[in-house]
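Colleague: I would like to go through the labels on this model one at a time. Please give the rule behind each label before using it.

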Amino acid sequence: MEDKGAPAGMIETQLRAWGAELDRLKAKVEKQLAEARADYYDHIEELREDIESQLKKWGKEIESLEPRPSAQEVVQELRRSIQLTALEPEIEALKTKAGKAEAEAKKLIDELKARRKVLKEKLSELKHASGGAWEDVKTGATRAWDELRPALQSAISKFR
């Protein structure tokens, strides 16, 4: 009877360890997303500062010109020279990169949780298995364990 509990205990211990590793990976992904967002907003702020600097420079140049153009002409010239739409691809690329990383991490976590659930079910069956069903349940639990281990190791290596 003690032999039945030892593998189950080892499996539960490994499941808890993997659960902790999943939580660590999730925190790491969330941190990377936060960093990507911070970089995005820092970049936007730098661009704004550059634009303001150019506007001040051009404002002085415009004032020194003779004859002075109308406000509408100045606005039109600024619109021609400041191409805000040129920034859009860069902004979209940052958004896409952050979205892909988040989606991939969530997918991996969901997959690992599903496999862990199957293994827990097999472990529960193992605890309640009678002598004749012991080998069948043990085989099923071992198979679930063998499927979960490489998936978790793959996920861990992907986010290190």
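Modeller: Helices (H or I, at least four residues) and strands (E, at least two) are DSSP runs, numbered from the N terminus. E21 and R24 both lie in helix α1, 3 residues apart, about one turn of the helix. This is a predicted model, where local features need pLDDT of at least 70 and side-chain atom pairs pLDDT 80 or more, while totals for chains, interfaces and linings use all residues. Residues are numbered from 1 along each chain as its sequence is written, and side-chain values use heavy atoms, leaving out hydrogens and water.

Colleague: What makes E21 and R24 a salt bridge?

Modeller: The rule asks for a side-chain nitrogen of Lys or Arg within 4 Å of a carboxyl oxygen of Asp or Glu. For E21 and R24 the N to O distance is 2.5 Å, so the pair qualifies. The structure holds 4 salt bridges.

Colleague: Why is E21 called buried?

Modeller: Buried means under 20% relative accessible area, exposed over 50%, and partly exposed in between (1.4 Å probe, protein chains only). E21 has 15%, so it is buried. R24, at 35%, therefore counts as partly exposed. Of the 160 residues of the chain, 22% count as buried.

Colleague: How do you know that R48 and E45 form a salt bridge?

Modeller: Their closest N and O atoms are 3.8 Å apart, which is within the cut-off, so the pair counts. R48 and E45 are 3 residues apart in helix α1, and so are separated by about one helical turn. E45 is partly exposed, with a relative accessible area of 39%.

Colleague: What makes E102 and K106 a salt bridge?

Modeller: The closest N and O atoms of E102 and K106 are 3.3 Å apart, so this pair also meets the rule. Both residues lie in helix α3 (residues 88-128), 4 residues apart, about one turn of the helix. E102 has 26% relative accessibility and therefore counts as partly exposed.

Colleague: Why is the pair of Y40 and Y41 called edge-to-face?

Modeller: Rings of Phe, Tyr and Trp (its six-membered ring) pair if their centres lie within 6.5 Å; planes under 30 degrees apart count as stacked, over 60 as edge-to-face and the rest as tilted. By this rule the count comes to 1 aromatic pair. The ring centres of Y40 and Y41 are 4.9 Å apart and the planes are at 70°, so the pair is edge-to-face.

Colleague: Are Y40 and Y41 buried or exposed?

Modeller: Y40 has a relative accessible area of 17%, so it is buried. Y41 has 54%, so it is exposed.
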